[in-house]
Amino acid sequence: MSGSRAHGEPARGEHIDLPTLTAASMALERLQAQPGALLPSERLPVLRLSSFLAALAPELAAAAAAAATATAAASAAAAAPAGPGGQPAPPPRDEARLRAELDKLDSWEEFDAFALSAASGGRPLEAATLEAVSRLGLFEALELPLGPLAAFLRAIEGLYRATNPYHHSTHAADVGTYALLQPDGLAASLTSLEALAAVVAAVVHDVDHRGLSNDFLVRTQHHLALTYNDASPNEQHSLSLAFRVLMQPGCNFLQHLPAEDFATFRALVLDIVRATDMVEHSRLSEALTRDVRELGPDLASWDAVARGHALAAVVHAADISNVTRPWRAAVRWGSLVSAEFQLQGDAELRLGLTPGPQFDRRHADAPRSQLAFIRRYGRPTFEALSAVAPAGCAAALRGCDENEARWAALEARGEKAFPL
Ligand SMILES: [Zn+2]
């Protein structure tokens with residue numbers, strides 16, 4: 001196709017605004033969910049995006065009408081719409097409380113992502129990321145413009161699905177701030193571009209997640225699995241969406257970067273987010289352990305490839321750090337993951353598929369699943385990372401020990417549920 005535009009590509013200057021793009025994506029998904037429906041993606045390559053949207057006009061109008069009806073019904077009944085994880089919607093943003101929560105961002109003991117979510121009026125990702133970027137000195141170092149960065153974050157946060165029990169923007173805010181602010185000392189060894197890449201990767205790593213595992217998407221021939229040829233469809237979709245949002249007018253906070261720097265940034269974000277797929281866990285841990293053995297513990301002396309491994313390992317560690325947190329937070333996050341898994345298990349049963357043990361609510365066993373995760377993923381990940389970030393990992397490993405003891409005690413008593 002060199003030198004010519006692909007058929008499905010929008011014409012130059014054809015601007016599709018974000019709400020339309022999002023509505024189109026959801027309409028496409030609904031159409032594809034209908035049994036026996038002609039998959040619109042089969043027709044998509046021969047249509048320009050504008051023609052595709054026109055073809056979907058009735059769907060989009062129906063979606064808009066349904067949304068308007070739902071909103072009216074919600075206000076009429078004064079019912080509380082769902083917030084992250086099915087919790088009641090948060091109260092309006094409270095500046096004093098938000099400041100107090102943001103001040104705890106780097107505290108292992110005190111940081112509470114759910115309190116941050118409530119204080120920020122349901123926008124923890126935007127608030128926490130602006131704070132992290134500011135604390136890391138990235139506004140000055142990279143001359144980042146606040147307006148486009150805030151617009152980008154608001155758009156990304158809006159594309160996280162608040163109805164997911166687990167994969168909502170509070171999870172992304174938790175991962176991002178943890179990755180860069182809590183493993184003490186690591187940020188000091190990074191270039192500004194690397195630190196920004198890690199922050200942005202954490203911010204976007206689960207955007208528009210459906211609450212369904214890659215394995216489920218592949219087994220059901222979901223359109224994301226077809227689009228990405230079964231290779232990490234969740235992560236690939238989040239990345240694709242994130243960079244399309246970045247290219248939207250008003251959202252590109254990196255427009256001023258030299259092309260070479262932008263290419264470095266993009267390659268890092270792609271690598272870091274792809275490595276959050278759990279199938280990459282072993283490869284990532286082995287690469288980090290090998291780099292530490294061959295290059296020593298001082299990240300500042302490592303080459304770019306090895307530093308990329310370390311960045312990916314940090315974000316992956318933050319992504320699975322729930323089991324290492326103070327007990328109350330560990331239990332809450334664990335119960336939300338489990339709730340999301342079980343919803344998938346319900347869908348698998350409806351489709352005549354056999355859910356794995358963690359996805360099947362008939363065999364739920366919270367202590368056993370949490371102990372297995374700590375032993376197989378949590379502790380080994382932080383042990384490998386502690387070679388380059390000893391201070392932050394010490395707290396996480398202490399958390400593993402404490403939580404493991406409490407889960408083991410519950411298991412010994414024959415408990416099966418989360419002690420909420
Ligand atoms: Zn995640």
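This is a predicted model: local features need pLDDT of at least 70, side-chain atom pairs count only at pLDDT 80 or more; totals for chains, interfaces and linings use all residues.
The chain is built from helices, 20 of them, with 0 strands. Of its 420 residues, 39% count as buried. Take the contacts between residues at least 6 apart in sequence: 75% of those join residues at least 24 apart.

Now to the helix pair. Two packed helices are described by the angle between their axes and the distance between the axes. Here α11 covers residues 192-204 and α15 covers residues 259-274; their axes sit 9 Å apart, at an angle of about 45 degrees. The crossing of α11 past α15 is right-handed.

Who touches whom? The table gives the residues on each side.

| Helix | Residues in the contact |
|---|---|
| α11 | L193, E194, L196, A197, A198, V200, A201, V204 |
| α15 | D261, T264, F265, L268, V269, I272, V273 |

By type, the residues of this contact split into 12 nonpolar, 1 polar and 2 charged.

What about the nonpolar cores? The largest has 83 residues, and the ones touching the most other members are F152, I156, A198, A201, I272, V314 and V315. Helix α11 supplies the largest share of this core, with 10 residues. Another core lies apart from it, with 5 residues, including L212, F216, L224 and A225.

Notes:
Residues are numbered from 1 along each chain as its sequence is written. Axes are lines fitted to C-alpha atoms, for helices over the stretch in contact, and angles run from 0 to 180 degrees between N-to-C directions. Helices (H or I, at least four residues) and strands (E, at least two) are DSSP runs, numbered from the N terminus. A crossing is left-handed if the near helix is turned anticlockwise from the far one by less than a right angle, and right-handed if clockwise. Two residues are in contact if their C-beta atoms, placed from the backbone, lie within 7 Å. Ala, Val, Leu, Ile, Met, Phe, Trp, Tyr, Cys and Pro count as nonpolar, Asp, Glu, Lys and Arg as charged, and the others, Gly among them, as polar. A nonpolar core is a set of buried Ala, Val, Leu, Ile, Met, Phe, Trp, Tyr and Cys residues joined through C-beta atoms within 7 Å. A residue is buried if 20 or more other C-beta atoms lie within 10 Å of its own, exposed if 12 or fewer, and partly exposed in between; C-beta atoms are placed from the backbone.
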